Amino acid sequence: MKGLRYFEKLTALTMGKLCQQRWLLAGLVLLCLLLPLGAGRAAEALLSRGVNFAGVTLAITAPEGDNVPQLLEQFMGEMEDIAQYCDIVALEEGAALEALSRGEVTAVLVLPERFIQGVMWGENPDLRLIVAGDRPLESLLLLWVGQSASDILSAFQGGVYAVLDLYQAAPPPGLTRDQVVVDINLRYISLATGRADMFQTEMVTATQALPIPLHYALSLAAFFALSAAPVFVPLYGGDWLRFQRRLRAAGRGTAGGCFSALAACAPVLFLLLFPALLLAGEGHPLALAGAALGMALFCGLFCGVCCLAAGSAGGCGLLSFGGALLSLALAGGIIPPVLLPAPVRRLSGLSPVTWLRQLAAGAMGYEVPLSAWAGLTLGGAGMALAMAVLYRRRVDGEEGTP
């Protein structure tokens, strides 16, 4: 009982010292309540609206008397997946180049003589694509489309050659080679024009499991709680550690001072996070309170480790902000998860922001993966051990100071 009363009194003294940071706490309240909600709504508006892209216009030309450009304009214009971003027009080469210089078309595709016959017989005639130098995005899009078309053409021609090899091995009676060439090419043309039926369209949200506003609101709330370490610097240095040294000389260990600091930090972080969770999404208040308490304890440990490892307010701010920012980026709190490179997405499960976001989302009815529980448990235990060791070393270090 004496130990418990000692811990209670020490915690009360610690909270009294923390209250001297009232202006920093007030600023942190505003950040945790207002910015996550505003950023979440802004991200939803941006990602839902998408990017304004007007598409490209491709002019197709061929030698005089060749009607292939007109045929491509007719058939490719009826293909919905291409028509969504590309308009096809048939022009003479001179008129097409003039239209390109005036900015009326994005690029000019110059077909060689007997292009269709060359494709059907596997000659693969060379094409020329003339693009505008001042429109790199559209040029890259056309390059990607051209590479995709080349891959499809190569695959189809591999099928054509396989059919012709079978024909050469055992020609059916009454079927000429020219008829086989025409029929198999028409078959592959039919497959190309109807390729949309081969795929199943699935809508994927930019933030995957959570709605966009909730994803960003919870991510930023966790980020601000993790980067709040400079507020708690007075609890881990200076006069307060010299006071802990005197208590130690009176027979008290350092564990009481260390975890009384955590006991003072956690309620402050709880009061910052709990209203943010209430405003960010739905869920029972008791469940949200439990999630906020778990987040506050984890963030309190993180802040304590940063304060003790850095030893100064400036170093602590740099360490906590840098670690929290890296964690936010890995968790998809800056760039949406679907736009992150695959190696980065695989590392998102190691981010404390991911664990804290999933913990908060669990109180709102979303599934909390086992990796989040493991990360919070193992990470919290590791930080508690590191905090105890660092606190004792800091107190011991104060013994040598006057």
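Biologist: What makes the second largest pocket a pocket, and how much space lies in it?

Modeller: About 360 Å³ lies in the second largest pocket. A pocket is an open set of points on a 1 Å grid over the protein atoms alone, with protein on both sides within 12 Å along at least five of seven lines, whereas a cavity is a set where a 1.4 Å probe fits but cannot get out. Grid points are joined across faces, edges and corners, and the volume is the space filled by probe spheres set on them. This is a predicted model, in which local features need pLDDT of at least 70, side-chain atom pairs count only at pLDDT 80 or more, and totals for chains, interfaces and linings use all residues. Residues are numbered from 1 along each chain as its sequence is written, and side-chain values use heavy atoms, with hydrogens and water left out.

Biologist: Which residues line the second largest pocket, and of what class are they?

Modeller: A lining residue has an atom within 4 Å of a point. There are 21 of them, with Gln208, Ala209, Thr354, Arg357 and Gln358 nearest the centre. The lining holds nine nonpolar, nine polar and three charged residues, where Ala, Val, Leu, Ile, Met, Phe, Trp, Tyr, Cys and Pro count as nonpolar, Asp, Glu, Lys and Arg as charged, and the others, Gly among them, as polar. Helix α15 (residues 352-362) gives the largest share, four residues; helices (H or I, at least four residues) are DSSP runs, numbered from the N terminus.

Biologist: Why is α15 called mostly covered?

Modeller: Nine of its eleven residues are buried, including Trp355, Arg357 and Gln358. Buried means under 20% relative accessible area, exposed over 50%, and partly exposed in between (1.4 Å probe, protein chains only).

Biologist: Why is Ala363 called buried?

Modeller: Its relative accessibility is 13%, under the 20% limit, so Ala363 counts as buried. Ala363 sits in the loop between α15 and α16 (370-398), and its C-alpha is 5.1 Å from that of Ala287, 76 residues away in sequence.

Biologist: What makes the contact of Arg102 with Glu98 a salt bridge?

Modeller: A salt bridge is a side-chain nitrogen of Lys or Arg within 4 Å of a carboxyl oxygen of Asp or Glu. The closest N and O atoms of Arg102 and Glu98 are 3.9 Å apart, so the pair qualifies. Glu104 and Arg102 qualify at 2.9 Å. Shared partners join Glu98, Arg102 and Glu104 into one network. The count by this rule is two salt bridges.

Methods. Helices (H or I, at least four residues) and strands (E, at least two) are DSSP runs, numbered from the N terminus.
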